[in-house]
Amino acid sequence: MSDAQSQTALSALRIDRSAAPLKRQRRLRWLIPAALLLAVLIAVAAAVARRAPTVRVAEVREPLPGEQQTELSASGYVDSRRRSVIAPLIAGQLVEVTVEEGEPVRQGQVMARLDDRDARVVLDRAEAEVRSAEARLGASQAQALNAERTTERTRNLTRQGAVARAQLLDVETAGRAALESLNLAKAQLAVARRAREAARLQLAHTVVRAPFDGTVSKKLANEGAVLAPAALTGTNLGGIVELVDLRALEVEAEVSEEQLSRIHTGQPTLIFLDALPERAFPGQVATVRPAIDRSKATATVLVRFQSVPQGALPDMGAKVSFLRQPLPPGELDAHGQPPRVPASAVVHDGKGDAVWVVKDARLTRQPVRVGERVGDEVSLTQGPRAGTQVVVAPDPRRLRDGRRVKVETGGG
């Protein structure tokens, strides 16, 4: 082989280094977007992993008295069988209100006074009319007595022939006229006396008195107000105060019309007041109002307290449990019984029974000891106390200790 051929062969075996940078550029062109995409996917996965899951919660609660005997429950408000807006019977200007809100009053006690000057003028005039009628009656009585005597004398003289019969007829006619005048005077006196009674009644109506024992719940008018009788206005514009008998309190509970067949007069109940949540008050059904509210498809059931509790007031919120049978007095207090949670809140795994507690938007697994099952709930003989929020139907794959969660709005 010649030297020229050897040189040509060696040149063919050399690497063309000018092509290597192009291949590297093409490779980098694909690697950079792929790396960026991978970084984005990793960031998204991390964000999803860190995102707080949404959970539905319920509160651990204390059992209510009489739950086992409860036929159905309903909500309502406290009201009084005797609750009235006290208004004057006549129109007038209010010059004095003698009571204040929250003040107890007795039947017949003066609560307010109206301006009585006009009423006194009317009464004075009626008194004068009575005196005038009494004077007219006295004069008519004297005239009638005189006419009776004259008639008797004329009759005697006529029998003796000393007086003509025609004159006797005139005297008798005058006597009958005097008697009619007497009757008219008596009637006029009776009318004057009734007018005086009416004037006295009008004067008495300027003083407003309590119609029953009660407590002033609202003051509706102050001195200087010009009031009209409520019966004339058809509104409470003429009201001075609202009076409530706190000894006649009862609960007006709204029951759906489908449930009315489960309620009867005299049925035992338990009443729970929102303002006194720690206590239950026994009662019974007084009556069911014979009317249905078409807008809500409910009827009003009146439930009376066995004994009206101290501190109860009209318009307080209340809940009523209608019982199948009366509850023994010893069972009115539910304290001491284990709290309850929805059965679905308890998880069972290799570590035992537990609930997931939510506090400050973070999860904590808390072991529990489960007691008896009551409906959809279970009692906890050991575990979180009443009022603690626990997750309902938890998903163990999404939950772990310390994880932040979001509470579902309206959950529980």
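**Loops, salt bridges and a sheet**

Biologist: Where is Ala393 found?

Modeller: Ala393 lies in the loop between strand E23 (389–391) and strand E24 (406–407), where strands (E, at least two residues) and helices (H or I, at least four) are DSSP runs numbered from the N terminus. This is a predicted model, in which local features need pLDDT of at least 70 and side-chain atom pairs count only at pLDDT 80 or more, while totals for chains, interfaces and linings use all residues. Residues are numbered from 1 along each chain as its sequence is written, and side-chain values use heavy atoms, with hydrogens and water left out.

Biologist: What is phi of Ala393 near?

Modeller: Phi of Ala393 is near 50°, which is a positive value in a residue other than glycine. Asp360 also has a positive phi, near 55°, and its place is in the loop between strand E19 (352–359) and strand E20 (362–367).

Biologist: Is Asp360 buried or exposed?

Modeller: Asp360 counts as exposed because its relative accessibility is 65%, given that exposed means over 50% relative accessible area, buried under 20% and partly exposed in between, with a 1.4 Å probe and protein chains only.

Biologist: Switching to charges, how many salt bridges does the count come to?

Modeller: The count comes to 26 salt bridges, each being a side-chain nitrogen of Lys or Arg within 4 Å of a carboxyl oxygen of Asp or Glu. As background, side chains of opposite charge can pair when their charged atoms come close.

Biologist: How far apart are the closest N and O atoms of Asp79 and Arg83?

Modeller: In the salt bridge between Asp79 and Arg83, the closest N and O atoms are 2.8 Å apart. Asp79 counts as buried at 17% relative accessibility, whereas Arg83, at 26%, counts as partly exposed.

Biologist: And which residue forms a salt bridge with Glu127?

Modeller: Glu127 forms one with Arg196, with the closest N and O atoms 3.4 Å apart. This pair links distant parts of the chain, since Glu127 sits in helix H3 (residues 117–160) and Arg196 in helix H4 (residues 165–204), 69 residues apart. Arg196 is buried, its relative accessible area being 18%.

Biologist: What about Asp293 and Lys296, how far apart are their closest N and O atoms?

Modeller: Those atoms are 4.0 Å apart in the salt bridge that Asp293 forms with Lys296. Asp293 is partly exposed, with a relative accessible area of 30%, and Lys296 also counts as partly exposed, at 43% relative accessibility.

Biologist: Which residues are linked in a network of salt bridges?

Modeller: Such a network links Arg82, Arg106, Asp213, Asp245 and Arg247.

Biologist: Now the sheet: in what order do the four strands come?

Modeller: The four strands form an open sheet in the order E8-E7-E5-E10, with antiparallel pairing, where two strands pair if DSSP finds at least two bridges between them. Its edge strands are strand E8 (207–209) and E10, each of which pairs on one side only.

Biologist: How many bridges join E5 to strand E7?

Modeller: Three bridges join E5 to strand E7 (residues 110–114), and the two run antiparallel; here Leu94 has Leu114 in E7 as its bridge partner. Strand E5 (residues 92–97) also pairs with strand E10 (residues 226–227), in the antiparallel sense over two bridges, and Gln93 stands opposite Val226 in E10.
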